[in-house]
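The following note sets out comments on the structure shown below.

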Amino acid sequence: SKDHPIVKAGIKLGRETYGSPTTSDQALMNFPSLKLGPGFSGRSHTADEFIYLDEIKEGVQLYITMLNDVLKRN
């Protein structure tokens, strides 16, 4: 839901919501879930999958910032 606090935190940081082309097992989950990972989604789960170190660093900071935002609301 776009009303979920963690989704709102991501949108607040300029992230957009979309359906990932690589939903993997998420499509089988019968509960609310969020797929959020560093790097370019189109590279994930491909034969030549890779991620840049800068993308990992950005992802870690993004997770910290989003979780801090959620914790401040509660």
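1. Is Phe-50 buried, partly exposed or exposed? In this predicted model, Phe-50 has a relative accessible area of 39%. Phe-50 is therefore partly exposed, since that class lies between the limits of under 20% for buried and over 50% for exposed.

2. The search of the whole structure for aromatic pairs returns one. The partners are Phe-50 and Tyr-52, with ring centres 5.1 Å apart. Because their planes stand at 80 degrees, the pair is edge-to-face, the cut-off for that class being over 60 degrees. Tyr-52 is partly exposed as well, at 48% relative accessibility.

3. Tyr-52 is located in the loop between α1 and α2. Which distance separates the C-alpha atoms of Tyr-52 and Gly-39? These two residues are 13 apart along the chain, and their C-alpha atoms are separated by 7.2 Å.

4. Glu-55 belongs to helix α2. Is this residue, Glu-55, buried or exposed? Its relative accessible area is 16%, so Glu-55 is buried, the cut-off being under 20%.

5. As regards secondary structure, the protein has two helices and zero strands. Helix α1 covers residues 5-12, and its buried residues are Ile-6, Val-7, Ala-9 and Gly-10. Viewed down the axis of α1, these buried residues fall within an arc of 160 degrees, so they line one face of the helix. The cover over the buried residues of α1 includes α2, which comprises residues 53-73.

6. Gly-14 follows α1 and has a positive phi, near 90 degrees. Leu-13 lies in the loop between α1 and α2 and is partly exposed, at a relative accessible area of 39%. Which residues does Leu-13 touch, if those up to four places away in sequence are not counted? They are Leu-62, Thr-65 and Met-66. The C-alpha atoms of Leu-13 and Ser-1 are separated by 17 Å, the two residues being 12 apart along the chain.

7. Some totals for the protein may be recorded alongside these local points. The C-alpha trace spans about 40 × 30 × 15 Å along its principal axes. Of the 74 residues in the protein, 20% are buried. The accessible surface comes to about 5900 Å², and carbon and sulfur atoms account for 58% of that area.

8. Two further values concern the contacts and the charges. Of the contacts between residues at least 6 apart in sequence, what share joins residues at least 24 apart? The share is 44%. The protein carries 9 positive and 9 negative charges, and the mean positions of the two sets are 9 Å apart.

Key:
Residues numbered from 1 in each chain as written. Predicted model: local features only at pLDDT ≥ 70, side-chain atom pairs only at ≥ 80, totals over all residues. Heavy atoms only, no water. Buried < 20%, exposed > 50% of the residue type's maximum accessible area, 1.4 Å probe, protein only. Helix = DSSP H or I, 4+ residues; strand = E, 2+ residues; numbered from the N terminus. Arc of directions from axis to C-beta. Contact = heavy atoms within 4.5 Å. Areas by Shrake-Rupley, 256 points an atom, 1.4 Å probe, with all protein chains shown as cover. Lys, Arg positive; Asp, Glu negative; His and termini not counted. Charge placed at Lys NZ, Arg CZ, Asp CG, Glu CD. Phe/Tyr/Trp six-rings, centres within 6.5 Å; stacked < 30°, edge-to-face > 60°.
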